[in-house]
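Let's take a walk through this structure, one piece at a time.

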Amino acid sequence: MIRTVEQYLERINDGREIYCLGERVRDMRSHPTISTIIRFGAMDYVIPNDPRYRDLFVTKNEDGEDINFLLTAPKTVEDLLRRRECYLTGMRGGGVMLHCMGIDALAAITVAANKMDKALGTHYAANVEAYRKYLQKEDLGITGAITDVKGDRSLHPSKQVQHPDFYLRIVEKQKDGIIVRGAKIHISATPCADEAIIVPCRTHGEDDKDYALSFAVPLNAKGIKLLGVEPMMRAYGEEGRFDYPHADMIQPTECLIIFDDVFIPWERVFMCGEWQFSRDIVYAFATFHRLFGASKMVPELERLTGLVALIAEYNGVEKVGHIREKLARMAYITHTVEALGKMACINSKPEPASGIMIPDLMSINSAKYTFANNFHDMCKIAHDIGGGLATTVPTYKDWSNPALQPYIDKYLGGKAGISTEDRIRAFRAIKNATHNFYQIDHVNGEGSLAAQQMFLYSSANWAQMKAAAKRMAHIDGWQDDPLYGPVPDFADAVPMPPIDESYEL
């Protein structure tokens with residue numbers, strides 16, 4: 001089914017134990033700051049019901065029923081490209097937050113479950129597909145809970161000194177299910193999601209087998225406590241839209257999820273101690289989530305680049321040489337991320353056990369590294385071109401004060417023909433879009449810079465590049481390379497006449 005916005009809003013008021021700024025939230029839909037997150041989550045049900053986007057977001061299941069396309073497993077290049085297009089469309093206006101992290105976790109457990117079943121004779125793939133059908137039938141919004149709180153990062157999970165719960169773990173196996181304890185942190189879309197899929201955040205060894213677990217759980221389950229991240233803005237309504245236009249669209253959605261001895265029935269368990277396959281699930285999630293990250297960042301970079309171009313125009317400096325050079329750099333970074341994300345889909349390959357298409361590792365990690373490694377520089381350009389008003393710009397309350405507005409209008413005007421209000425709104429948007437939350441999030445979201453470098457190094461075709469080097473340097477060994485070996489060598493292929501040695505060189 002495809003739920004309506006009204007159905008989503010009714011179900012999300014499910015009595016979960018969630019806190020914001022130390023207070024228990026009674027109804028997320030009417031909370032001054034969390035309500036913006038719920039509104040953003042509801043866009044996941046606006047867009048599929050919009051006739052202009054229905055063909056993109058809606059498909060049929062095997063029974064001919066309408067379901068959200070993002071809840072299906074990508075089995076072709078076209079599926080991955082369509083998945084990416086859904087992400088791009090949604091993030092340009094808000095509308096895939098409940099179908100990104102959770103969907104990427106669903107893809108990861110599909111890969112790992114099939115591998116475990118074939119190697120160990122388990123039956124996890126049946127659990128995964130039954131859960132997928134449940135999601136499709138109910139049209140639920142899900143998040144993926146990956147990152148553990150970790151404690152002392154120099155120690156493995158079972159070797160932690162203070163307590164054994166820095167990584168989520170199996171406390172007890174019962175006849176009907178398992179009891180889990182621990183916490184997951186930085187989990188996006190938690191307030192607005194119906195359920196969460198939990199997967200490990202690292203590769204585990206045999207000593208840490210109790211930490212190798214994956215399952216799905218409703219976020220109002222007994223024993224789950226949700227601690228919302230500090231809101232970026234505490235204003236709402238017109239003031240919020242004026243002062244924090246980016247956060248008003250997508251307020252930080254992360255939560256610390258505490259699992260205080262939570263019961264998980266066996267049919268919702270997708271990994272339980274199979275430590276040998278923790279690497280598979282972690283790597284699969286990272287790859288799929290970087291596809292989302294690279295897609296998400298295209299509209300994000302388009303907005304920031306457009307804002308800087310606007311403020312250059314409003315300041316009357318859009319034709320200055322060094323301004324254009326900086327804008328060109330922002331445009332090149334934006335386009336590079338977009339192109340690499342698309343190439344990751346085009347060059348994807350099927351994973352043998354599950355048949356799921358895996359984005360090309362080199363392309364998708366290059367895309368993620370490109371935006372993560374350059375976002376601070378793009379913010380610096382925004383601040384450089386914008387100038388001091390990018391931080392001292394007046395607020396909505398200043399502009400709305402009749403006694404102040406004439407003076408603000410007079411003294412904070414820019415280029416003739418540009419309204420002062422538009423100029424102030426652009427500065428407010430730059431200030432909000434370059435907030436430290438986004439600068440940290442865009443570096444660490446979907447994995448750290450070190451994680452991308454690890455993937456890039458392991459994914460690079462070093463044999464091919466060394467063959468290229470050997471051929472140029474006339475060192476034997478390149479001849480067997482499938483790309484460089486067959487290419488004719490000019491020294492042998494071109495019948496040149498003997499060199500005339502009478503020249504004095």
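Start with helix H6, whose buried residues pack against quite a list of elements: strand S4 (66–68), helix H5 (101–120), strand S5 (142–145), S8, S9 and S12. Keep in mind that you're looking at a predicted model. Which residues of H6 are the buried ones? They are Tyr-124, Ala-125, Asn-127, Val-128, Tyr-131, Arg-132, Leu-135 and Gln-136.

As for the helix itself, H6 covers residues 124–138, 15 residues in all, and its first and last C-alpha atoms are 21 Å apart, close to the 21 Å expected at 1.5 Å a residue.

Now follow H6 over to one of its packing partners, S9. Strand S9 takes in residues 213–218 and is mostly covered, with five of its six residues buried. S9 pairs with S8 (residues 195–198), running antiparallel to it, and four bridges join the two. In that pairing, look for Ala-196, which sits opposite Val-217 in S9. S9 also pairs with S12 (residues 269–272), again in the antiparallel sense, this time over three bridges. Here the pair to find is Phe-215 and Val-269, the latter in S12, standing opposite each other. While you're looking at strands, a handy rule: in a regular strand, side chains alternate between the two faces of the sheet.

Next, move to another sheet. This one is open and made of six strands in the order S2-S1-S10-S11-S7-S6, with mixed pairing.

Finally, head for the surface. Tyr-457, Trp-462 and Met-465 form a nonpolar patch there, and together they have about 350 Å² of accessible area. Tyr-457 belongs to helix H17, which spans residues 449–459. Is Tyr-457 buried or exposed? It counts as exposed, because its relative accessibility is 57% and the cut-off for exposed is over 50%.

Notes
Residues are numbered from 1 along each chain as its sequence is written. This is a predicted model: local features need pLDDT of at least 70, side-chain atom pairs count only at pLDDT 80 or more; totals for chains, interfaces and linings use all residues. Side-chain values use heavy atoms; hydrogens and water are left out. Patches are made of residues with over 30% relative accessible area and no salt bridge: like charges are joined within 9 Å, nonpolar side chains (Val, Leu, Ile, Met, Phe, Trp, Tyr) within 5 Å. Accessible areas come from the Shrake-Rupley method with a 1.4 Å probe; for residues, only the protein chains shown count as cover. A salt bridge is a side-chain nitrogen of Lys or Arg within 4 Å of a carboxyl oxygen of Asp or Glu. Buried means under 20% relative accessible area, exposed over 50%, partly exposed in between (1.4 Å probe, protein chains only). Two strands pair if DSSP finds at least two bridges between them. The expected span of a helix is 1.5 Å times one less than its number of residues. Contact means heavy atoms within 4.5 Å.
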